[in-house]
Amino acid sequence: EMFGIEYAVLFNVICAFNPWHLVQSRWPLEANFFPHFFIIAILMLYYGIRHARKGWIYGSMAVFGISHYNYGVTLYTVFSFLVLLFILLCYRKMITRMQAFISWIIYIFVSWPFYTMIFINTFHLPTIHTPFFTIPLFTESRRSGDILFFSEHPLRQLFENLYSFFSVVFLQRDEILWSNVPHMGTLMFCMLPLLGIGFVAICCRFRKGEGDHVRYDIIYLT
């Protein structure tokens, strides 16, 4: 949709060799579905903007909201991505203020239980009980300390997370069976060079003025 069928075919060939599909089949944790929800939401948003279809834009906001229930780090990634992107879209007049307002209403409507859960557990408030749903206070969690808002030592946790990111993504040292494929790495060793080549190619296309701005805004922010 963004760059044509040639890029789509190349992308699918590369993805076919990426071991992440094998990792997902080993350990179908809900967090593993976040990239799928995020990419689907981006596609819907881009399609709606490119073809001036408000329904696709609003639908994408619902999917962005649902993506929060896959992975806790979406607290940072999805929210930051949407704020920056909508600032750019409004600045470039690719969407109206009313469209932006309705989009955020839909996003908040879908995601507010997630943010309420974060608020409750950050400030240790009591669990919310209703006849239809519960938003709990988690008295203990093995992974909540990985999220800076929940960590007792945020600065130290930040550096630990950065080291883990560099180790897993760039050095591909993760030895956990369900997060790694032996002799192939977490992302396959050729993926990062391909990522670099692709990013340079996109930058060259941008400098030549090929295509609309929104595709480059989305990719750069992602």
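Student: Which residues form a nonpolar patch on the surface, with about 530 Å² of accessible area together?

Tutor: This is a predicted model, in which local features need pLDDT of at least 70, side-chain atom pairs count only at pLDDT 80 or more, and totals for chains, interfaces and linings use all residues. Residues are numbered from 1 along each chain as its sequence is written, and side-chain values use heavy atoms, without hydrogens and water. The patch of about 530 Å² consists of Ile 108, Trp 112, Ile 128, Phe 132 and Phe 133.

Student: Is Trp 112 buried or partly exposed?

Tutor: Trp 112 sits in helix α6, residues 97-122; helices (H or I, at least four residues) and strands (E, at least two) are DSSP runs numbered from the N terminus. Buried means under 20% relative accessible area, exposed over 50%, and partly exposed in between (1.4 Å probe, protein chains only). At a relative accessible area of 35%, Trp 112 is therefore partly exposed.

Student: How are the rings of Tyr 107 and Tyr 115 paired?

Tutor: Rings of Phe, Tyr and Trp (its six-membered ring) pair if their centres lie within 6.5 Å; planes under 30 degrees apart are stacked, over 60 edge-to-face, the rest tilted. That rule gives 22 aromatic pairs. For Tyr 107 and Tyr 115 the centres are 6.4 Å apart and the planes at 70°, so the pair is edge-to-face.

Student: Where does Phe 133 lie, the residue that forms a pair with Trp 112 in helix α6?

Tutor: Trp 112 and Phe 133 form an edge-to-face aromatic pair, with 5.8 Å between centres and 75° between planes. The two residues are 21 apart, and the pair links distant parts of the chain. Phe 133 is partly exposed, at 34% relative accessible area. Its place is the loop between β1 (128-129) and β2 (134-135).

Student: What is the relative accessible area of Ser 67?

Tutor: Ser 67 belongs to helix α4, residues 54-67. Beyond its neighbours within four places in sequence, Ser 67 is in contact (heavy atoms within 4.5 Å) with Phe 34, Phe 37, Thr 74 and Val 78. Ser 67 counts as buried, because its relative accessible area is 0%.

Conventions: Patch = residues over 30% accessible without salt bridge, like charges linked within 9 Å, V, L, I, M, F, W, Y side chains within 5 Å. Areas by Shrake-Rupley, 256 points an atom, 1.4 Å probe, with all protein chains shown as cover. Salt bridge = Lys/Arg side-chain N within 4 Å of Asp/Glu carboxyl O.
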